[in-house]
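Subject: Structure handover

Hello,

Please look at it first and then read the notes below.

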There are 2 protein chains.
Amino acid sequence: MAFSPLLQNLVNTLRCLPGVGPKSAQRMALHLLERDRPGALALASALVDAVENIGECSQCRTLSEDDVCDICSSQSRDRTLLCVLESPVDMMAIEQTGGFNGVYFVLKGHLSPIDGIGPDALGIDRLLDRIDQGEIEELILATNPTVEGEATSHYIVEQLRDHPVKITRIAHGVPVGGELEFVDGGTLAHALAGRRSLR
Amino acid sequence: MAFSPLLQNLVNTLRCLPGVGPKSAQRMALHLLERDRPGALALASALVDAVENIGECSQCRTLSEDDVCDICSSQSRDRTLLCVLESPVDMMAIEQTGGFNGVYFVLKGHLSPIDGIGPDALGIDRLLDRIDQGEIEELILATNPTVEGEATSHYIVEQLRDHPVKITRIAHGVPVGGELEFVDGGTLAHALAGRRSLR
């Protein structure tokens, strides 16, 4: 004896959400049906709206319903500073710090030959074109500090070997507020190697 | 600088799901848009389908798109045994044990005067009517072992004070596979008080 077919279908489709297993999906389905039917309908229409209208910004490749996203079209951003990221979430994380006023380029992934993800899929040709246009003075590589993220950064640096643009990589080290004791060895090694003079 | 309006709307509406905070909602929205757009559309249509078509079974009050649910309309269930539960999830949990062949009555909640939930909201009058019809021989009270669940069971017992139907309460005790050491005092007290003779 299972749930009724429609309910079972709802439980199954809820599992397409990341981090949602069979039990959570069941709890979500029952919660929506028993206590929040307007919420369920609002969610359904937000999903359809988003899927149908959100594409990517033609300049930075982030998710946006406009051809050029708010950041790329803003007059107050510094267009000489370009930050390269793996995903729109990373872009949000940097925006939320409020400490960066340049523009972005979102790779939407990292180089991963095993999964068939090459430079084309990441739009690296478009990134290089943009740098060739000469407006950008500094390229900040902010891919993730993982093997794939490092490889992707390394690849971009290689491609720009003969180009005079300044290239930087975000600093890796001990997280602010963290305790040395709980920091992994790789990070600690980075923190030591990247030490800065105080006086 | 926030997400684009449509994306922000999707993130906000995802938060109507239980257990989904701002960070998970963001992760879900980006996952759907970047990697699983067909899944998002399937979820949207499952939500609309479920909300529009799933009502409650006219006999047991569980969620069902049919007027009478599969269990209530089944010919192979024992209609003399009625199990009273707080929610459709509890019904699923009991069904999944495969050890119960009676029928159910779902209260969809528990008595909670503070929230304005009285006997009417729980359909207790319908439950009593059904018992009055005389087909039911045993009423198994399987409300949750919480203060409200116990109070609800107690209320039902009170209402049936002059009725000859047999009334039982599910056993409370040490969970199978659990260790005594980690069982709370209340449960342990129940387990001792409800001890059974082995020979």
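The notes below go through annotations, salt bridges, surface charge and backbone. Please keep in mind that this is a predicted model.

Annotated regions

The record lists residues 57-72 of chain A as "zinc finger region: C4-type". Over that span the chain is 19% helix and 12% strand, and the C-alpha atoms at its ends are 8 Å apart. The record also places "domain: Toprim" at residues 80-175 of chain A. There the content is 33% helix and 18% strand, with the end C-alpha atoms 28 Å apart.

Salt bridges

How many salt bridges are there over all chains? The search of the whole structure gives 12.

In chain A, Arg169(A) and Glu150(A) pair through their side chains, at 3.3 Å from N to O. Arg169(A) is in strand S6 (residues 166-169) and Glu150(A) in helix H7 (residues 147-159), so this bridge ties together parts of chain A that are 19 residues apart in sequence. Arg169(A) has a relative accessible area of 27% and is therefore partly exposed; Glu150(A), at 30%, is partly exposed too.

In chain B, a salt bridge joins Glu150(B) and Arg169(B), whose closest N and O atoms are 3.3 Å apart. This pair links distant parts of the chain, with Glu150(B) in helix H7 (residues 147-159) of chain B and Arg169(B) in strand S6 (residues 166-169) of chain B, 19 residues apart. Glu150(B) is partly exposed, at 30% relative accessible area, and Arg169(B) is partly exposed at 26%.

Another bridge in chain A is formed by Glu158(A) and Arg161(A), with 3.0 Å between the closest N and O atoms. Is Arg161(A) buried or exposed? Its relative accessible area is 60%, and residues over 50% count as exposed, so Arg161(A) is exposed. Glu158(A), by contrast, is partly exposed at 34%.

A network of salt bridges also links Glu56(A), Lys108(A) and Arg126(A).

Surface charge

Asp120(A), Asp125(A), Asp129(A) and Asp132(A) form a negative surface patch. One of them, Asp132(A), sits in helix H6 (residues 124-132) of chain A. With 54% relative accessibility, Asp132(A) counts as exposed.

Backbone

Most residues other than glycine have a negative phi. Which residues have a positive phi without being glycine? One is Lys108(A), with a phi of about 55°; this is the lysine of the salt-bridge network named above. Lys108(A) lies in the loop between strand S4 (103-106) and H6 of chain A, and is partly exposed with a relative accessible area of 25%.

Another is Arg61(B), where phi is near 70°. Arg61(B) belongs to the loop between strand S1 (55-56) and strand S2 (63-64) of chain B. Its relative accessible area is 7%, which is under the 20% limit for buried residues, so Arg61(B) is buried.

Finally, a note on Asn9(A), which is in helix H1 (residues 5-14) of chain A. Asn9(A) is partly exposed, at 33% relative accessibility. The C-alpha atoms of Asn9(A) and Ala29(A) are 9.7 Å apart, and the two residues are separated by 20 residues along the chain.

Regards

Note on methods. Residues are numbered from 1 along each chain as its sequence is written. Chains are lettered from A and ligands numbered from 1 in the order in which they are written. This is a predicted model: local features need pLDDT of at least 70, side-chain atom pairs count only at pLDDT 80 or more; totals for chains, interfaces and linings use all residues. Side-chain values use heavy atoms; hydrogens and water are left out. UniProt positions are given in the numbering used here, feature names are shortened, and annotations may be inferred rather than shown by experiment. Helices (H or I, at least four residues) and strands (E, at least two) are DSSP runs, numbered from the N terminus. Patches are made of residues with over 30% relative accessible area and no salt bridge: like charges are joined within 9 Å, nonpolar side chains (Val, Leu, Ile, Met, Phe, Trp, Tyr) within 5 Å. Accessible areas come from the Shrake-Rupley method with a 1.4 Å probe; for residues, only the protein chains shown count as cover. A salt bridge is a side-chain nitrogen of Lys or Arg within 4 Å of a carboxyl oxygen of Asp or Glu. Lys and Arg count as positive and Asp and Glu as negative; His and the chain ends are not counted. The place of a charge is taken as NZ of Lys, CZ of Arg, CG of Asp or CD of Glu. Buried means under 20% relative accessible area, exposed over 50%, partly exposed in between (1.4 Å probe, protein chains only).
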